[in-house]
Amino acid sequence: MTAKRKFFRFDPEKALQAILFVARMLPGATFHQISKIIYFADKAHLQKYGRLICGDTYVAMKHGPVPSGIYDILKSVRGDGSSECTEQALEALEVQN
């Protein structure tokens, strides 16, 4: 039996920077929109450079793939989750209902 290798390591600081970039370009973006934009950016980055932007893991959900670590950061700002960079994310982001 072979061990499953993890080729990419999640970088929460890069993930937060990606979220902030998208949020600045698209004010009022939803979690879904941010996730989709980062998914397509990751796809293009992977094709061009052979690696993901922030090393996130994607999870298949009802409305398409969701970057797990980025979703955790967004949920932590909303107040219903936790992340390695919750404090930095709270200083930089605000979730509006």
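Helix α2 and strand β2, residues 64-67, each supply at least two residues to the lining of the second largest pocket. Before going on, the ground rules. This is a predicted model, in which local features need pLDDT of at least 70 and side-chain atom pairs count only at pLDDT 80 or more, while totals for chains, interfaces and linings use all residues. Residues are numbered from 1 along each chain as its sequence is written, and side-chain values use heavy atoms, with hydrogens and water left out.

Some terms. Helices (H or I, at least four residues) and strands (E, at least two) are DSSP runs, numbered from the N terminus. A pocket is found on a 1 Å grid over the protein atoms alone, as an open set of points where a 1.4 Å probe fits, with protein on both sides within 12 Å along at least five of seven lines; lining residues have an atom within 4 Å of a point. Grid points are joined across faces, edges and corners, and a volume is the space filled by probe spheres set on the points.

Back to the second largest pocket. Its volume is about 180 Å³. The biggest contribution to its lining comes from α2, with 4 residues. Among the lining residues are Phe31, His32, Met61, His63 and Tyr71. By class, the lining has 5 nonpolar, 4 polar and 2 charged residues. Here Ala, Val, Leu, Ile, Met, Phe, Trp, Tyr, Cys and Pro count as nonpolar, Asp, Glu, Lys and Arg as charged, and the others, Gly among them, as polar.

The largest pocket has a volume of about 340 Å³. It is lined by 17 residues, and those closest to its centre are Ala23, Gly28, Ala29, Glu94 and Val95. Which helix gives the most to this lining? That is α1, with 3 residues. The lining divides into 13 nonpolar, 3 polar and 1 charged.

Ala29, from that central group, sits in the loop between α1 and α2. It counts as partly exposed because its relative accessibility is 22%; the cut-offs are under 20% for buried and over 50% for exposed, with partly exposed in between (1.4 Å probe, protein chains only).

Now α1 itself. This helix covers residues 12-25, and its 14 residues reach 20 Å from first C-alpha to last, close to the 20 Å expected at 1.5 Å a residue. The expected span is 1.5 Å times one less than the number of residues. Its N-terminal end is capped by Asp11, with a side-chain oxygen 3.1 Å from the backbone nitrogen of Glu13; a polar contact is a pair of N or O atoms within 3.5 Å, one able to donate a hydrogen and the other to accept it, and residues adjacent in sequence count only if both atoms are side-chain atoms.

The buried residues of α1 include Pro12, Leu16, Ile19 and Val22. Their cover includes α2, α3 and α4. Why is Pro12 called buried? Because its relative accessibility is 12%. Leaving out residues up to four places away in sequence, Pro12 touches Ile73, Glu84 and Cys85, where contact means heavy atoms within 4.5 Å.

Last, Ser76, in helix α3. Ser76 is buried, at a relative accessible area of 5%. Counted the same way, it touches Gly81, Ser82, Ser83, Thr86 and Leu90.
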